[in-house]
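Subject: Structure handover

Hello,

Here is the structure for your files. My notes on what was found in it follow below.

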Amino acid sequence: MEQHSEHHAMPTAGAELNRLALSATLHCLTGCALGEIAGLAIGTALGFSNLATIVLAVALAFLFGYSLTSLPLLRAGLALSAVVPIAFASDTLSIAVMEVVDNAIVLAVPGAMDAGLGDILFWGSLAFALVIAGAFALPVNRWLLARGKGHTAVHETGIHGGPPERLVGVAAALAFVFGSAVLIGQVVG
């Protein structure tokens with residue numbers, strides 16, 4: 001975990017803003033993916049209805065997303081009363097966009113919600129949907145950051161945490177390839 005005592009001006013345009021938006025999106029995608037995977041897996045394994053499964057997945061996506069933002073801040077000594085508004089400000093819109101897109105895609109893929117945990121369609125549609133959801137959240141995060149909103153709240157603390165961006169980026173690229181291959185196989189096969 002890095003802490004910086006001096007704050008750099010937040011970029012409002014250009015390549016620096018794009019990099020910051022990508023970083024914020026990958027951070028958010030990590031939390032969303034963890035929650036979404038856990039929720040869909042639990043709901044599917046326990047035989048929940050589609051609606052109950054999606055509600056669980058969305059709730060866990062928000063929980064994991066907020067947690068990934070909050071834990072480094074709490075570990076650095078910030079009070080919970082300071083951390084909660086930072087987490088809400090930095091992640092809410094991004095997570096909401098990802099969840100709407102992700103669940104819409106999974107619902108639109110024929111058989112995806114009825115597929116079992118051992119079915120490649122379950123994992124392929126979920127992997128594809130998460131990456132596409134991240135692509136939809138990227139311009140939202142960029143727009144927020146350009147206006148001093150969203151993930152700016154975290155960056156202003158100088159406290160950064162979460163998995164390495166490169167690792168998340170590679171995982172997202174592999175998920176996209178895997179998910180695309182599964183969905184193409186469904187259409188062709």
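Before the rest, the basis. This is a predicted model, in which local features need pLDDT of at least 70 and side-chain atom pairs count only at pLDDT 80 or more, while totals for chains, interfaces and linings use all residues. Residues are numbered from 1 along each chain as its sequence is written, and side-chain values use heavy atoms, with hydrogens and water left out.

Aromatic pairs

The structure holds 4 aromatic pairs (rings of Phe, Tyr and Trp, the last by its six-membered ring, with centres within 6.5 Å; planes under 30 degrees apart are stacked, over 60 edge-to-face, the rest tilted). One of them joins Tyr 66 and Phe 88: the ring centres are 4.8 Å apart and the planes stand at 70°, so this pair is edge-to-face. Tyr 66 sits in helix H2 and Phe 88 in helix H3, 22 residues apart (helices are DSSP runs of H or I, at least four residues, numbered from the N terminus). Tyr 66 counts as buried at 16% relative accessibility, whereas Phe 88 is partly exposed at 44% (buried is under 20% relative accessible area, exposed over 50%, partly exposed in between, with a 1.4 Å probe and protein chains only).

Phe 128 and Phe 176 make a stacked pair, 5.8 Å centre to centre with 25° between the planes. Phe 128 belongs to helix H4 and Phe 176 to helix H6, so the pair ties together parts 48 residues apart in sequence. Phe 176 is partly exposed, at 34%.

Cores

The largest nonpolar core has 35 residues (buried Ala, Val, Leu, Ile, Met, Phe, Trp, Tyr and Cys joined through side-chain atoms within 4.5 Å). Those that touch the most other members are Leu 40, Ile 95, Met 98, Val 101, Ile 105, Val 109 and Leu 121. Two or more residues come from each of H1 (14–45), H2 (50–75), H3 (80–108), H4 (120–146) and H6 (165–188). H4 gives the most, with 12 residues.

Beyond its neighbours within four places in sequence, Met 98 is in contact with Thr 25, Cys 28, Leu 29, Cys 32, Ala 133, Gly 134 and Ala 137 (contact means heavy atoms within 4.5 Å). Another core, of 6 residues, lies apart from the largest one and includes Leu 73, Val 83, Ile 86 and Val 154.

Second largest pocket

This pocket has a volume of about 290 Å³. It is lined by 15 residues, and the closest to its centre are Ala 33, Ile 37, Ala 171, Ala 172 and Ala 175. H1, H4 and H6 each give two or more residues to the lining. (On a 1 Å grid over the protein atoms alone, a pocket is an open set of points where a 1.4 Å probe fits, with protein on both sides within 12 Å along at least five of seven lines; lining residues have an atom within 4 Å of a point. The volume is the space filled by probe spheres set on the points, which are joined across faces, edges and corners.)

Val 131

Val 131 lies in helix H4 and is buried, at 18%. Leaving aside neighbours within four places in sequence, Val 131 is in contact with Ala 172, Ala 175 and Phe 176. Val 131 and Ala 33 are 98 residues apart in sequence and 9.1 Å apart in space, C-alpha to C-alpha.

Regards
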